[in-house]
Amino acid sequence: MSRTAYGEELRKRREAAGLTQEKLSEQVVMSRTHIAHIEAGYRKPAPDDALRLDRVLDTGGVFARFLPTLDGRPVADHYEQAALFEQQATMIREYGAALVPGLLQTAAYARAVFQTAFPPLSDNDCDDAVVTRIARANLLEGNVTPALWALLDEAVLRRPVGGSAVMAEQLRHIADMGERRRVRVHVIPFSVGAHSLMESGTTLMWFDDAPPIVYVEGLRTGTILENPDVVHKCQSAYALALGDARSHEGSLAMVRAAAEEFEHEQQPAHHRLRVDAADVAEVQLQRGP
C-alpha cells in the first residue's frame with residue numbers, strides 16, 4: 001500500500017470511530033503531529049505503532065499487514081520533502097562529502113553549484129534556486145532550534161567551487177556560523193582515510209514529537225529513511241565518523257586556515273612576488289653577510 005493510500009485509510013477509520021487526531025494520539029501513545037503526518041502520506045508508523053492503531057480502531061490487523069513496503073521514497077526536486085521535515089526538526093546533523101551543506105551555503109557558492117546543472121538552468125531559474133536555498137538558512141536565525149552539526153570531509157574545504165574569492169567568503173561564513181552555540185562544525189581530515197560516511201551525503205533529523213529520520217542524497221535523487229533499524233545504523237555510522245573528526249575548535253581553525261589560503265590566491269601575482277622577495281630579503285638580513 002502506498003503512503004498516500006495508507007494515510008487516507010487511517011483518516012477514514014479514525015473518523016468512522018468518531019476520534020479526532022488528538023484523541024487517537026492519546027489512545028495509541030503517539031503524538032498528534034505524527035498521526036497527522038501519517039494521514040498526509042509524509043510518514044509511516046513503526047510496526048508497534050501500527051499494531052496499536054489496529055487495536056484501538058479495531059481494524060483486524062489492516063494497518064500492521066499493509067504497512068508501506070519501501071523504507072524510503074524518492075524526493076521530488078532532491079530535497080522538497082526533506083525540507084519540510086527540516087522546518088520541524090529540533091536537531092539536524094549533516095555530513096558533507098564534497099559540498100558545503102545547503103544550510104551553510106552563501107549565495108555565491110550556491111550559484112556556482114547550480115551553474116553546474118545539466119541541462120543548464122536559465123539565469124532566472126538559477127536565481128530562483130539560489131533564493132530558495134538561501135531562504136532555508138533563515139531557519140538558523142532567531143529561534144533556538146534546530147541545532148545544527150555540520151560534519152565536513154576535508155574535500156569540502158579544498159575544492160575551489162566558484163573560484164578562490166567564492167571559497168574564501170564561503171569558508172569565512174562557515175567559521176562565523178561555527179562561533180554560534182547552536183552550530184557545531186567538525187572536519188574529517190584527509191589523513192583519516194576511509195570512514196563510515198564517505199559513500200553519500202547524509203542528514204539526520206530529530207523531532208520533539210515524532211521518530212527521527214535520515215535523508216540520503218545522490219545524483220538527482222534523495223531518499224527519506226524511516227525504518228527504525230536503518231535510522232539507528234545511520235546514526236551509528238555518523239557517530240563513528242564524528243569520532244574520527246577534529247574537535248569543533250580544531251575544525252574552525254582548519255576552516256579559517258583554508259579561507260586564508262584562498263584569500264592569498266586572490267592577490268595579484270606581482271604583489272605576491274613582492275611579498276616573497278621581501279621575505280627572502282628579511283631572511284638574508286637575519287643571516288648576515
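**Exercise 1. Determine the order of the strands in the open sheet and the strands at its edges.**

Solution. Strands are DSSP runs of E with at least two residues, helices are runs of H or I with at least four residues, and both are numbered from the N terminus. Two strands pair if DSSP finds at least two bridges between them. In this predicted model, local features need pLDDT of at least 70 and side-chain atom pairs pLDDT 80 or more, while totals for chains, interfaces and linings use all residues. Residues are numbered from 1 along each chain as its sequence is written, and side-chain values use heavy atoms, without hydrogens and water.

Step 1. The open sheet consists of six strands in the order β3-β2-β1-β4-β5-β6, and its pairing is mixed.
Step 2. β3 (183–188) and β6 each pair on one side only and are the edge strands.
Step 3. From one strand to the next, the twist averages 15°.

**Exercise 2. Follow the pairing from β1 through β4 and β5 to β6, and state the sense of each pair.**

Solution. Step 1. β1 (residues 91–96) and β4 (residues 201–206) run antiparallel and are joined by five bridges; tyrosine 95 has threonine 202 of β4 as its bridge partner.
Step 2. β4 and β5 are likewise antiparallel, with five bridges, and leucine 204 is bridged to valine 214 in β5. A hairpin of six residues connects β4 to β5.
Step 3. β5 (residues 213–218) pairs with β6 in the antiparallel sense over five bridges. Here valine 216 has threonine 223 of β6 as its bridge partner.

**Exercise 3. Locate glutamate 226, decide whether it is buried or exposed, and name the partner of its side chain.**

Solution. Step 1. Glutamate 226 belongs to the loop between β6 (221–225) and α11 (228–244).
Step 2. Buried means under 20% relative accessible area, exposed over 50%, and partly exposed in between (1.4 Å probe, protein chains only). Glutamate 226 has 8% relative accessibility and therefore counts as buried.
Step 3. Its side chain forms a polar contact with the side chain of arginine 43 at 2.4 Å. A polar contact is a pair of N or O atoms within 3.5 Å; within protein, one must be able to donate a hydrogen and the other to accept it, and residues adjacent in sequence count only if both atoms are side-chain atoms.

**Exercise 4. Classify the backbone at valine 29, aspartate 58 and proline 119.**

Solution. Step 1. Most residues other than glycine have a negative phi, and most peptide bonds are trans.
Step 2. Valine 29 has a positive phi near 60°. This residue lies in the loop between α2 (21–28) and α3 and is exposed, with a relative accessible area of 65%.
Step 3. Aspartate 58 also has a positive phi, of about 55°. Its place is the loop between α4 (47–57) and α5 (62–65), and at 66% relative accessibility aspartate 58 counts as exposed.
Step 4. The peptide bond from phenylalanine 118 to proline 119 is cis, with omega near -5°. Proline 119 is in the loop between α7 (107–114) and α8 (123–136).

**Exercise 5. State how many helices and strands the protein chain has, and what share of its residues is buried.**

Solution. Step 1. The protein chain has 13 helices and six strands.
Step 2. Of its 289 residues, 43% are buried.

Conventions. Axes fitted to C-alpha atoms, helices over the stretch in contact; angles between N-to-C directions.
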